[in-house]
Amino acid sequence: MSLLKNELQIIYGDDIPAMTKKLLESIKLEDLIVDAAAAKGKQARIVLKPNLVVASPAAGGATTHPEYVGAVIDYLHNAGFENIAIIESSWIGDSTTRAYKVCGYEDLSRRTGVPLIDIKADGKDPHVAGGMTIEISREIMKADYLISFPVLKGHCQTNLTCALKNMKGVLSEKSKRQFHSAGLHKPIALLNTIKAADLVLVDGICGDLDFEEGGNPVQMNRLIAGRDSVLVDRFAADLLGFEPEEVPYIGMAEKYGVGSADLSKAKITELNENSDSGKTVSSRKVSGLVRQVVAAEACSACYGSLVHSLARLREKGVDINKLGKLYIGQGYKGKVQEGIGIGSCTAGFSKCLPGCPPKARDIIDFLEDK
């Protein structure tokens with residue numbers, strides 16, 4: 001029997017290709033695809049959506065291991081599926097093409113013959129959910145079967161990023177900014193009512209449990225498979241020690257009918273023994289860095305650069321609490337006031353570092369002078 005809708009399967013270890021093969025054999029991936037796209041069978045268009053938010057190798061804890069995606073492609077090829085594409089967009093201010101190269105996906109594409117599609121260069125069409133217009137990649141919407149490869153990691157604004165939030169990469173730049181203006185949680189939930197992954201294959205090898213840009217990877221050595229993005233995220237939140245209310249988009253997505261967050265009714269299947277003891281818990285490092293940050297509709301790239309900079313300043317012995325309030329985000333566009341602004345949206349502040357997003361190096365230099 002193939003993977004059930006209310007089931008999660010987990011495998012532990014550090015041999016990614018071998019773990020992936022065993023996991024896919026257990027969930028019977030080929031049957032899942034044929035069942036979901038019965039009319040097309042093995043001609044179904046399969047789209048693989050990793051998390052390549054920044055141009056940083058997977059060992060840093062931010063991006064999906066290419067070995068994981070590659071093992072899935074090998075499995076699909078061996079099962080007779082050939083109509084496959086990898087599709088992604090990095091966050092605002094970074095280059096997807098550069099991320100594909102740095103993260104090892106150009107080499108993967110050459111080896112497997114699977115094309116790389118940059119959502120930033122793809123056509124977008126508007127879709128409406130909950131009164132919100134969301135621009136989504138055409139290639140994503142044409143997928144007969146969508147496999148998402150989120151990294152199990154923390155996030156500086158939403159605490160957790162996994163299955164539901166990984167879909168944010170399918171948006172236009174305009175909609176990404178709109179999501180931040182609307183507070184992220186509700187838009188993320190609404191997006192998944194339009195297009196959610198058919199299968200989620202979580203990369204839990206070494207995610208950064210505090211910050212989506214990586215840099216402080218935690219070795220977790222696990223891969224997780226699930227068909228319900230809400231259930232996957234509820235399990236991930238529990239694994240990282242977050243209460244449901246600390247990741248609001250999970251409950252919102254459940255309310256909108258995307259899936260179930262009821263772990264008590266889930267079937268959790270472990271394919272081998274976990275040698276770790278206890279849960280893998282976030283250190284909540286980010287919350288300690290941003291006490292003086294006053295954010296209003298801040299985009300992840302800009303906010304992330306600031307968090308990264310504050311972490312580096314603290315490591316250098318700077319008392320960041322003495323910097324005073326730091327203002328950041330689209331909500332400050334056109335406003336004139338006293339204070340320290342980070343990013344071009346705060347151009348009206350008495351002290352402002354421009355950039356969209358500003359580079360972490362520039363923020364460090366700017367704040368060290370204050």
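A charge counts as sitting over a ring if NZ of Lys or CZ of Arg is within 6 Å of the ring centre and within 35 degrees of the ring normal. Keep that in mind for the first stop in this predicted model.

**Stop 1: a charge over a ring.** Select Lys-42 and Phe-81. Lys-42 lies over the face of Phe-81, 5.8 Å from the ring centre.

**Stop 2: the whole chain.** Now zoom out and colour by secondary structure: you will find 14 helices and 16 strands. The radius of gyration is 20 Å, close to the 21 Å that the globule rule gives for 370 residues, so the chain is as compact as a globular protein of that length. Along the principal axes, the C-alpha atoms fill a box of roughly 65 × 45 × 40 Å. Buried residues make up 56% of the 370 residues. Of the contacts in the chain with a separation of 6 or more, 72% are between residues 24 or more positions apart.

**Stop 3: aromatic pairs.** The chain has five aromatic pairs. Begin with Tyr-68 and Phe-149: their ring centres are 5.4 Å apart and their planes stand at 85°, so this pair is edge-to-face. Is Tyr-68 buried or exposed? Tyr-68 is buried, and so is Phe-149.

Next, select Tyr-327 and Phe-349, an aromatic pair that is tilted, with 5.1 Å centre to centre and 35° between the planes. Tyr-327 belongs to strand 14 (residues 326-328) and Phe-349 to strand 16 (residues 349-353), so the pair ties together parts that are 22 residues apart in sequence. Tyr-327 counts as buried because its relative accessibility is 15%, and Phe-349 counts as buried because its value is 5%; the cut-off for buried is under 20%.

**Stop 4: a buried arginine.** Finish at Arg-234, in helix 10 (residues 229-239). Which side chain of opposite charge is nearest to Arg-234? That is Asp-238, 4.2 Å away. Arg-234 is buried yet has no salt bridge, a term that here requires a side-chain nitrogen of Lys or Arg within 4 Å of a carboxyl oxygen of Asp or Glu. To see what else surrounds this residue, show Pro-244, Ile-250, Ala-261 and Leu-263: leaving aside neighbours within four places in sequence, these are the residues in contact with Arg-234.

Definitions and conventions
Residues are numbered from 1 along each chain as its sequence is written. This is a predicted model: local features need pLDDT of at least 70, side-chain atom pairs count only at pLDDT 80 or more; totals for chains, interfaces and linings use all residues. Side-chain values use heavy atoms; hydrogens and water are left out. Helices (H or I, at least four residues) and strands (E, at least two) are DSSP runs, numbered from the N terminus. Buried means under 20% relative accessible area, exposed over 50%, partly exposed in between (1.4 Å probe, protein chains only). Lys and Arg count as positive and Asp and Glu as negative; His and the chain ends are not counted. Contact means heavy atoms within 4.5 Å. Rings of Phe, Tyr and Trp (its six-membered ring) pair if their centres lie within 6.5 Å; planes under 30 degrees apart count as stacked, over 60 as edge-to-face and the rest as tilted. The radius of gyration is taken over C-alpha atoms; the globule rule is 2.2 Å times the number of residues to the power 0.38.
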